[in-house]
Amino acid sequence: MRAPPTPSSLKWLINRRARLLGELSKLHKAEKERAAEHLNSISNLEKQHKEAIAANALAVTLYESSCRQFQEDVNAVDVVLLQHEVQIDPSLIAPMRTNENRLSIKHGQITRLIYESLKFAKGKTMTTTQVAIYISTKLETACPDFDFANIKYRIRQRLGTMASKGLINRHHSPVGAAEGRWSMSNDVNAMK
C-alpha cells in the first residue's frame, strides 16, 4: 500500500526548517572564523604590546646610563678645570649644542624604507608625513635620539629625488605649499 501524499504545507515547513538550519550553521561557522581571527589579532597586539614595553624599558635604561656617563664626564672635567692654574668657575660654562643632524643608519636604508612604506599603502598615495611616520617608527629602535623634523626633511628630499628618477610617482606639484603625496611606480611594482 502506498504512503499517503505529503501535504504541501508540510513540505514547505520541512524545506523552511532545513533552510533555516543551513543559515544557522553558516552563521555559527562565520562566527567561529571571526572569533578565531579576532583572537589571533588580540594575540598579535599583545605580542606587540610586550615588545613595545621591552623597547621602552631598553630606551629608559639607555637614557639613564647615558645621562649617568655624561654626568660623570662633566664632573671629571670640572675637577680638572678647578685644578688648572687659570681659575674658571665650571658653572659659568653654558651647554653647547652638538651636531644633531647625523643619523647612524646604513646607506640606502631610507630608500628601502620608503619602498616598504609605499608598498604597505597597497597602491594608495601617502603623504610625506605618513611616509616619515612609518619610517620613524622603523628607525626608532635603531636611532632612538633622532629628531623627527630632521628625518622628515631627509625623507622629503629623498622622495623628490626618487620621483625625478621615475622610481616613485609624485601626485602633487613640486612647487607650492601643499604636502606631497607619493605612490609606488608601476615600473617598480613590476620589478618586485
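The expected span of a helix is 1.5 Å times one less than its number of residues. Helix α3 of this predicted model covers residues 128-139. Its 12 residues should therefore span 16 Å. The end C-alpha atoms of α3 are 16 Å apart, in agreement with that value.

The mean pLDDT is 86. Of the residues, 89% reach 70 or more. Helix α1 (residues 8-83) has the highest confidence, at a mean of 93. Confidence is lowest in helix α5 (residues 186-191), where the mean is 56.

Several residues of α3 are buried. They are Thr128, Val131, Ala132, Tyr134, Ile135, Ser136 and Leu139. Both helices and strands pack against the buried residues of α3. The helices are α2 (109-120) and α4 (148-164). The strands are β1 (126-127) and β3 (181-184).

Two loop residues were also examined. Leu167 lies in the loop between α4 and β2 (168-170). Its relative accessible area is 25%, so Leu167 is partly exposed. Leu167 and Tyr115 are 52 residues apart in sequence. In space, their C-alpha atoms are 9.3 Å apart.

His172 sits in the loop between β2 and β3. Buried means under 20% relative accessible area. His172 has 18% relative accessibility and therefore counts as buried. Leaving aside residues up to four places away in sequence, His172 touches Glu179, Gly180, Arg181 and Trp182. With Arg181, the His172 side chain reaches the backbone nitrogen at 3.0 Å.

Notes:
Residues are numbered from 1 along each chain as its sequence is written. This is a predicted model: local features need pLDDT of at least 70, side-chain atom pairs count only at pLDDT 80 or more; totals for chains, interfaces and linings use all residues. Side-chain values use heavy atoms; hydrogens and water are left out. pLDDT is the predictor's confidence in each residue, from 0 to 100. Helices (H or I, at least four residues) and strands (E, at least two) are DSSP runs, numbered from the N terminus. Buried means under 20% relative accessible area, exposed over 50%, partly exposed in between (1.4 Å probe, protein chains only). Contact means heavy atoms within 4.5 Å. A polar contact is a pair of N or O atoms within 3.5 Å; within protein, one must be able to donate a hydrogen and the other to accept it, and residues adjacent in sequence count only if both atoms are side-chain atoms.
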